[in-house]
Amino acid sequence: MAAIYRRAMNALYLLCVIVGCIALVLISAIIPWAVFTRYVLNSAASWPEPLAVLLTIVLTFIGAAAAYRLNLHMNVGYFANQAPPPFRKALDLLVQLLMALIAVFMVVWGERLVEVTWYNTIAEFPFLSVGVTYLPIPVGGFCLLLFIIERVWLGAPPDPLPSHDAVVPVD
């Protein structure tokens, strides 16, 4: 069961990374287009800025879940690292439980935000529900919660990239 869950989390992590990368690439293409239309064509397009904001929401919440899984997020671990190992383990569990509380908050209140704004539309995108634009909040929270369960139950996932100190054999 543990191996199945780990493989599922590996697949979910890969999906989160792909979604985050696509959002980042699109943001990187949209912003120069907005600058081009404004300063070169002297006719600013109305859609690039709101679309970049929507993609930033996707990047932030889905990408943050992926970063948390591999412990790539910002943290201050100095005092925790100075503690004796039994306290360090208890402190890590406390951090995971607090993060799970944040993830549950994101799921519950993010879902309510989606529900409340579902029938509103964005002026630049009248075909798009505001609720859809807020979906990355509960989805990211759910992914984060699954990654926290993995960390508590199975421990930290293996790092998919070799460390900088590792010697890579050359063929």
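A residue is counted as buried when its relative accessible area is under 20%. In this predicted model, Cys-16 has a relative accessibility of 3% and therefore counts as buried. Cys-21, by comparison, is partly exposed, with a relative accessible area of 43%.

Neither cysteine was assigned to a disulfide, and the count of disulfides for the structure is zero. For Cys-16, the nearest cysteine sulfur belongs to Cys-143 and lies 3.9 Å away. Because a disulfide requires two cysteine sulfur atoms within 2.5 Å, Cys-16 is in no disulfide. Cys-21 is likewise in no disulfide, the nearest cysteine sulfur being that of Cys-16 at 11 Å.

Side chains of opposite charge can pair when their charged atoms come close. Two salt bridges were identified in the structure. In one of them, Glu-150 pairs with Arg-6, with 2.9 Å between the closest N and O atoms. Glu-150 belongs to helix α6 (residues 136-154) and Arg-6 to helix α1 (residues 2-39), so this contact ties together parts of the chain that are 144 residues apart in sequence. Both partners, Glu-150 and Arg-6, are buried.

Glu-150 also forms a salt bridge with Arg-69, for which the closest N and O atoms are 2.7 Å apart. This pair links helix α6, which contains Glu-150, to helix α2 (residues 48-69), which contains Arg-69, across a separation of 81 residues. Glu-150 and Arg-69 are both buried.

Technical notes
Residues are numbered from 1 along each chain as its sequence is written. This is a predicted model: local features need pLDDT of at least 70, side-chain atom pairs count only at pLDDT 80 or more; totals for chains, interfaces and linings use all residues. Side-chain values use heavy atoms; hydrogens and water are left out. A salt bridge is a side-chain nitrogen of Lys or Arg within 4 Å of a carboxyl oxygen of Asp or Glu. Helices (H or I, at least four residues) and strands (E, at least two) are DSSP runs, numbered from the N terminus. Buried means under 20% relative accessible area, exposed over 50%, partly exposed in between (1.4 Å probe, protein chains only).
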